[in-house]
Amino acid sequence: MQLVAIDVETTGLNPGTDRVLEIAGIIYDLETGITLGEFETLINPMRNIPQPATDKHGLLAEHVSAAPTF
């Protein structure tokens, strides 16, 4: 049996105004304990990253400025 865990970091919690900054995923085999695959990408939100969001995930505008947009 496999488990896929997905993590999404955003500029905040309002879906009308906030944007995705990072998407990550990992595929894990529950029987063997082996990681089968990983994926991670930064995303340029084309807006500022509020300080409370940075305090939670550590991402700054300079981290995502060269990343692709959503």
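# Close-up views of the model

**View 1. Leu59 lies in the loop between α1 and α2 (61-64).** This is a predicted model, with residues numbered from 1 along each chain as its sequence is written. Local features need pLDDT of at least 70, side-chain atom pairs count only at pLDDT 80 or more, totals for chains, interfaces and linings use all residues, and side-chain values use heavy atoms, with hydrogens and water left out. Helices (H or I, at least four residues) and strands (E, at least two) are DSSP runs, numbered from the N terminus. Is Leu59 buried or exposed? Leu59 is buried, at a relative accessible area of 10%. Buried means under 20% relative accessible area, exposed means over 50%, and partly exposed lies in between (1.4 Å probe, protein chains only). Skip residues up to four places away in sequence, and Leu59 touches Glu9, Leu21, Glu22, Leu42, Ile49 and Thr54. Contact here means heavy atoms within 4.5 Å. Ile27 is 32 residues from Leu59 in sequence, and their C-alpha atoms are 24 Å apart in space.

**View 2. The whole chain carries two helices and three strands.** Their order along the sequence is β-β-β-α-α. The radius of gyration is 14 Å, well over the 11 Å that the globule rule gives for 70 residues, so the protein is more spread out than a compact globule. That radius is taken over C-alpha atoms, and the rule is 2.2 Å times the number of residues to the power 0.38. Along its principal axes, the C-alpha trace spans about 40 × 25 × 20 Å. Of the 70 residues, 21% are buried. Take the contacts between residues at least 6 apart in sequence: 40% of them join residues at least 24 apart. The accessible surface is about 5,000 Å², and carbon and sulfur atoms account for 59% of that area. Accessible areas come from the Shrake-Rupley method with a 1.4 Å probe; for residues, only the protein chains shown count as cover.

**View 3. Six residues make a nonpolar surface patch: Val4, Ile6, Val8, Ile27, Ile34 and Leu36.** The patch covers about 540 Å². Patches are made of residues with over 30% relative accessible area and no salt bridge; like charges are joined within 9 Å, and nonpolar side chains (Val, Leu, Ile, Met, Phe, Trp, Tyr) within 5 Å. Which strand gives the most to the nonpolar patch? Strand β1 (residues 2-10) does, with three residues. Val4 sits in strand β1. Val4 is exposed, with 53% relative accessible area. Neighbours within four places in sequence aside, Val4 is in contact with Ile26 and Ile27. Between Val4 and Ala67 there are 24 Å in space, C-alpha to C-alpha, and the two are 63 residues apart in sequence.

**View 4. Asp18 and Arg47 join their side chains in a salt bridge.** Side chains of opposite charge can pair when their charged atoms come close. A salt bridge is a side-chain nitrogen of Lys or Arg within 4 Å of a carboxyl oxygen of Asp or Glu. The structure holds one such bridge. In the Asp18–Arg47 pair, the N to O distance is 3.0 Å. The pair links distant parts of the chain, 29 residues apart. Asp18 is in the loop between β1 and β2 (20-29), and Arg47 is in the loop between β3 (35-42) and α1 (51-57). Asp18 is buried at 17% relative accessible area, whereas Arg47 is partly exposed at 29%.

**View 5. Glu22, in strand β2, is buried yet has no salt bridge.** Lys and Arg count as positive and Asp and Glu as negative; His and the chain ends are not counted. How far away is the nearest side chain of opposite charge to Glu22? That side chain, Lys56, is 15 Å away. Leave aside neighbours within four places in sequence, and Glu22 is in contact with Asp7, Val8, Glu9, Glu40, Thr41, Leu42, Ile43 and Leu59.

**View 6. Met46 has a positive phi although it is not a glycine.** The angle is about 60°. Met46 belongs to the loop between β3 and α1. With a relative accessible area of 63%, Met46 is exposed.

**View 7. Ala66 lies in the segment after α2.** Ala66 counts as exposed, at 77% relative accessibility. Ile43 is 23 residues from Ala66 in sequence, and the C-alpha to C-alpha distance is 8.6 Å.
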